[in-house]
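This note is written for a colleague who is meeting the structure for the first time. The points below may be read in order, with the structure open alongside.

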Amino acid sequence: MTLRLISLNAWGGRVHEPLMRYLREADPDVLCLQEVTHVAGHDGGWLAFRDGDFELPQRANLLEDVAAILPDHHAFFAPAARGPLHDGDREVTSEWGLATFVRQGLPVIGQAQGFIHGDFPVSGFGEHPRPRNAHGFRIFRPDAGSAVTIVQMHGLRDLAGKGDTPARLAQAHALVALVEKVRRRGEGLVVCGDFNLLPDSETFAVLGELELADLVTTRGFTDTRTSWYPKEGRYADYLLVTPEVKVGKFDVVAEPEVSDHRALLLEIA
């Protein structure tokens, strides 16, 4: 049997109905989502993120929205920040971060979660470049009789662009340190997420020390964004594997468009 993994920056559920339909039909064994919203005790629906003159609709409870369509999965939420969304003129405190959904029957036998840039902000979403975290988990595959470690991250966003910086290099080393807390040597390793980096970043050399190789660039994909993203610089999302991972299928999903990012789909044999 194969293990189906999807990694996606969910954009706070902005493209909600197509996103829900896609995830329900794809039915991944493991789902790694970035930019997931959660408002404790809120009855769902829409709120707005505001940053100066910029405003973006956000689901109040994307975490619960996805959990409802994947009832056979365990949900893990790792907030990177806690700040205000808006319901008209009313502020609503929202948590924002990573969510991982793992199908029941795939035991999670190890975990590591932590910040790879900055720390949880005391007030609001924090200053740019805002804090970023990663979540790693080791899963036992009963059908294969072995374990695989999957780590997702959301790389820092620098207002100056996606080029290398000292902060991004430090982030790469922090990510490696988190990986090493949960992974067992000799077992397969997958690292995925919205890196907010260009393909020539020194981050990939750092990850290469773990024998990780990216599937997006090495398999000829040149765009991980959708028509919802009008800017240049079409790389953002990556998925890397070690040689122990037997890749059955890999795709950067162009259709349907469920975010301003494309989903990354991996099937492990």
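Is T203 buried or exposed? The first point takes up this question.

1. T203 has a relative accessible area of 3%. Buried means under 20% relative accessible area, so T203 counts as buried. The model under discussion is a predicted one, and this value, like those that follow, is computed from it.

2. T203 belongs to helix α4, which covers residues 203-208. Apart from residues up to four places away in sequence, T203 touches R168, A172 and L197.

3. On the chain as a whole, there are 5 helices and 14 strands. Along the principal axes, the C-alpha atoms fill a box of roughly 55 × 40 × 35 Å.

4. Of the 269 residues in the protein chain, 56% count as buried. Among contacts with a separation of 6 or more, 71% are between residues 24 or more positions apart.

5. The protein chain exposes about 11600 Å², of which carbon and sulfur atoms supply 49%.

6. With neighbours within four places in sequence left aside, R141 is in contact with M1, T2, L3, L106, S146, V148, I268 and A269.

7. A174 and G118 are 56 residues apart in sequence, and their C-alpha atoms are 11 Å apart in space.

8. Where are cis peptide bonds to be examined? The bond from H128 to P129 is cis, with omega near -10 degrees, and P129 is placed in the loop between β7 (108-117) and β8. E255 and P256 are also joined by a cis peptide bond, for which omega is about 0 degrees. P256 is found in the loop between β13 (247-253) and β14 (263-268).

9. N196 is not a glycine, yet it has a positive phi of about 55 degrees. N196 sits in the loop between β10 (188-194) and α4. With a relative accessible area of 10%, N196 is buried.

10. E211, likewise not a glycine, has a positive phi of about 65 degrees. E211 lies in the loop between α4 and β11 (213-214). Is E211 buried or exposed? Its relative accessibility is 53%; exposed means over 50%, and E211 therefore counts as exposed.

Technical notes. Residues are numbered from 1 along each chain as its sequence is written. This is a predicted model: local features need pLDDT of at least 70, side-chain atom pairs count only at pLDDT 80 or more; totals for chains, interfaces and linings use all residues. Side-chain values use heavy atoms; hydrogens and water are left out. Contact means heavy atoms within 4.5 Å. Helices (H or I, at least four residues) and strands (E, at least two) are DSSP runs, numbered from the N terminus. Buried means under 20% relative accessible area, exposed over 50%, partly exposed in between (1.4 Å probe, protein chains only). Accessible areas come from the Shrake-Rupley method with a 1.4 Å probe; for residues, only the protein chains shown count as cover.
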